[in-house]
Amino acid sequence: LRAIASPELSRFLGEWEWRRPPIVRLTFRGGSRAPETWTGDGTVALQRTRFRGVWMNGANANVHLENGALTFDNFRVTRDEGVGTGSFTYDFVKREVRLKEVKSTLRPTDAILWIEPKLFKEVAPYKFRQPPSIVANGVIHFGPPNDHLELTVDAPTGMDYVFLGKTLPVDRVSGRLLFTDNRLQLSEIAGKLFNGGIRGTADISLAKGDPHYQANLAIEGVDFPHVADLYFKYQTARGQLSGTYGWTGLGSDARSMRGKGSAQVTDGDIFAIPIFGPLSGPLGAIVPGAGYSLAHKANAGFMVKEGVIHTDDFKVSGKLFGMIGHGDVRFLDDKLDFDIRINANGAGILLTPMYKLFEYKGEGSISKPNWHAKRF
């Protein structure tokens, strides 16, 4: 067949490797020896077979050939981890692949090589614990870009994703991925992170030499002790974290990140925030018991630029005390430059005329900050 096939069809056939010959039944006709003039129908059945270097246990489909396009209808591919079904067309005249309601419970990094190998590196970062359910529709071109491929993903068992150098265990993930010309858009992304909710979107450049992207993230009710332990190796017992963050960046270069957002910790020990932990001692001396009291709320707006988190409005509301502050957290360089002023509430309100005396400066490393009084 390859001897009389067009160059595109010949290349397609050359990407297959059969342990045993496939069973093909095909009736076709044409006005010339050119495959573009042929029409026909039939069936194909495969046993252990490899396509583009990826093995399948078996496959079968109805086949239709017309106008230089080979369509596999009602195909079914089986592997150890799952099944793929649907319809796809290899059009050797238009030089494109068209997918229609392709449903898969196969490993995404293997299945994407069958669809389009150039998308492998875009799918690889998503480490699903078990193969997700995926529905694919769209068009991928062989030549000049004019792609439009949409993947709907549902992963009840979740995935692991690396963010700022740490692996986040995201549960019950779902969302949409849209591949267009040199661009990947993620929308309707939702999941569970440390018993809280997470939602997000992203717009990622796939153009060669242009790794820019922009993203938005919102979290609600995330278990703060898990976050503190993961990113700061700091142990605490309580608190919930919520917030939003929108940013741009260049690939995996964390220093190129530019963004702004807000964060809030509720029902927690404020001094579980690692950089403020050493303040519990001085505060307990000023307002007895305040160093271990629960905060009603801690919140801040912040900006991120060149590895620095900057805030002008860090605020803490507690039963016996309040704190306001501003400064920089240089998270890539493990450095701190922060100012805090302590206000007394409740029983400590008698200290109000003196509260300006209780101002502290935080310097040194984030992991082991040096807090000292500014006026004493």
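Mentor: The largest nonpolar core has 84 residues, and those that touch the most other members are Phe12, Leu149, Phe179 and Ile340. A nonpolar core is a set of buried Ala, Val, Leu, Ile, Met, Phe, Trp, Tyr and Cys residues joined through side-chain atoms within 4.5 Å. Buried stands for under 20% relative accessible area, exposed for over 50%, and partly exposed for what lies in between, with a 1.4 Å probe and protein chains only. The model is predicted, so local features need pLDDT of at least 70 and side-chain atom pairs count only at pLDDT 80 or more, while totals for chains, interfaces and linings use all residues. Residues are numbered from 1 along each chain as its sequence is written, and side-chain values use heavy atoms, without hydrogens and water.

Take Leu149. Apart from residues up to four places away in sequence, Leu149 touches, among others, Ile115, Leu119 and Phe179; contact means heavy atoms within 4.5 Å.

Helices (H or I, at least four residues) and strands (E, at least two) are DSSP runs, numbered from the N terminus.

Arg79 counts as buried, at 13% relative accessibility. Beyond its neighbours within four places in sequence, its contacts include Trp55, Asp110 and Trp114.

Rings of Phe, Tyr and Trp (its six-membered ring) pair if their centres lie within 6.5 Å; planes under 30 degrees apart are stacked, over 60 edge-to-face, and the rest tilted. The count comes to eleven aromatic pairs. The pair of Phe75 and Phe88 is edge-to-face, because the ring centres are 5.1 Å apart and the planes stand at 75°. Phe75 lies in strand S7 (residues 69-78) and Phe88 in strand S8 (residues 83-91), so this pair ties together parts 13 residues apart in sequence. Phe75 is buried at 9% relative accessible area, and Phe88 is buried at 18%. Phe88 also forms an edge-to-face pair with Tyr90, 5.4 Å centre to centre with 80° between the planes. Ring pairs link Phe72, Phe75, Phe88, Tyr90 and Phe92 into a cluster.
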